[in-house]
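Subject: Structure handover

Hello,

Here is the structure I promised to pass on. Please open it first, then read my notes below.

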Amino acid sequence: FAECAEKYLDARKRDADAKTLSQGQYRNLVQKEILLRPLLGSTPIDAVTEDVLHRLRESREQVMNRRGDPITQSTIKKDIIFIHSVLVHARDGLKVLATVPKMPSFTGEKALVRQGRPFLTQDEYKRLHTLAKAQAEEADLNPRTRRQRWSLYYFILVSVGGALRVGETESVRWCDCTEVTVTTPQGTEESAVLMYVLGKHSTGGRREDAYVLFGGVYAFKEMLAAKPEGATDTDLLFPESHREGMKRLLKDAGLYEYRDPKTGKTLTRDRKSLRPTGITLRLDKGDNLSHRDVAKWARTSVQMVADFYDQAHPEQTAWHGLPTVAPPHTPQTV
């Protein structure tokens, strides 16, 4: 299995180099292969049967994450999807496998629990980007650290302002950006930045339209004014990964971990929390925006917005549309 997985990753690396797969998605595949190598690496490819996959799932269900909670069925399903992709490549690409075994189902007790990725409320987001700016402005920083911190600050504003996935933000080049004017539902005109991103659903290297709004417009203008001398149009806006920088910033802001009151589990935020933050803020602060409008803007489906991104708490909407002054309470006589 390890040899086929390596050749599968080689094929995906070519896709990433050809811009038909984001670098972030490719890194995720590499990490998944490293994780599964001790479990399946030495297994002959034709010995990866349905029973083997069921036993692997059972063993993975006993694993705890770094916070002491069992890993989720969603994580295990991603393991199975990777294995299935390798098996299909072995059958169709390498021609060393006759058939692909049936994958374990995720229904009944194994069903996936729909849960949106941890996001930031308006106050939390303000705390985060305010701290990011303050840290970039600190005195006595060396030039490299200062550049990285300003880039992280702009990365946050652009990602939230356009509800961009991490891979989409990382895919944007200077030639993919155009300042435009858009008309709001109220009939006013506002500035935006049209970015052509290599999205999750991009095929054949074709990019999707992403409209970056609000603070993302300011961030792009600042980046454009400070564009490095000698930078070409095909250079990336964000050539460096901000994975560790974002983690450090979230910890400094006290926003990295929080306890989910529904499950009692400790969750963590990371760069991927910026997209649901942007979508949730638009849903909360938009003027009666429909899920369809937000789905179009965020390059996703209405169902995804409803199931994963509309994360308003019941107490925020319980009194919506009701009188602001409650009628006097009249005790009932039994």
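Let me start with one residue. Leaving aside its neighbours within four places in sequence, Arg 91 is in contact with Leu 97, Ala 98, Thr 99 and Val 100. Contact means heavy atoms within 4.5 Å. Arg 91 lies in helix H4. With a relative accessible area of 30%, Arg 91 is partly exposed. The terms run like this: buried is under 20% relative accessible area, exposed is over 50%, and partly exposed is in between, with a 1.4 Å probe and protein chains only. The C-alpha atoms of Arg 91 and Asp 46 are separated by 9.9 Å, and these two residues are 45 apart along the chain.

Some ground rules. This is a predicted model, in which local features need pLDDT of at least 70, side-chain atom pairs count only at pLDDT 80 or more, and totals for chains, interfaces and linings use all residues. Residues are numbered from 1 along each chain as its sequence is written, and side-chain values use heavy atoms, with hydrogens and water left out.

The whole chain

The chain has 13 helices and 5 strands. Helices (H or I, at least four residues) and strands (E, at least two) are DSSP runs, numbered from the N terminus. Of the 334 residues, 41% count as buried. Take the contacts between residues at least 6 apart in sequence: 65% of them join residues at least 24 apart. The chain exposes about 19,400 Å², and carbon and sulfur atoms supply 51% of that. Those areas come from the Shrake-Rupley method with a 1.4 Å probe; for residues, only the protein chains shown count as cover.

How confident is the predictor? The average pLDDT of the chain is 86, and 88% of the residues score at least 70. pLDDT is the predictor's confidence in each residue, from 0 to 100. Where it is low, the predicted coordinates should not be read in detail.

Helix H4

Back to the helix that holds Arg 91. H4 covers residues 73–93, which is 21 residues. At 1.5 Å a residue it should span 30 Å, and its end C-alpha atoms are 29 Å apart, which agrees. The expected span is 1.5 Å times one less than the number of residues. The buried residues of H4 include Ile 76, Ile 80, Phe 82, Ile 83 and Leu 87. Asp 79 and His 89 are also among the buried residues. Their cover includes helix H1 (2–17), helix H2 (23–40) and helix H3 (50–60). Just after H4, Lys 95 takes a positive phi of about 60 degrees.

The strands

Strand E1 (residues 177–183) and E2 run antiparallel, joined by 7 bridges. Two strands pair if DSSP finds at least two bridges between them. Cys 177 stands opposite Met 195 in E2. E1 and E2 form a hairpin with 5 residues between them, and Gly 187 in the turn has a positive phi of about 90 degrees.

Strand E2 (residues 189–197) also runs antiparallel to E3, with 5 bridges joining them. Leu 194 has Tyr 211 in E3 as its bridge partner. Which residues of E3 are on the covered face? They are Glu 208, Ala 210 and Val 212, while Asp 209 and Tyr 211 make up the uncovered one. In a regular strand the side chains alternate between the two faces of the sheet.

Phe 214 lies in the loop between E3 and helix H8 (215–225). Phe 214 has a positive phi of about 55 degrees although it is not a glycine. At 61% relative accessibility, Phe 214 counts as exposed.

Leu 237 sits in the loop between H8 and helix H9 (243–252). Leu 237 is buried, at 6% relative accessible area. Its contacts, leaving aside neighbours within four places in sequence, include Trp 174, Cys 177, Met 195 and Phe 220. Arg 173 is another of its contacts.

Arg 299 is in the loop between H11 and H12. Arg 299 counts as buried, at 9% relative accessibility.

Best wishes
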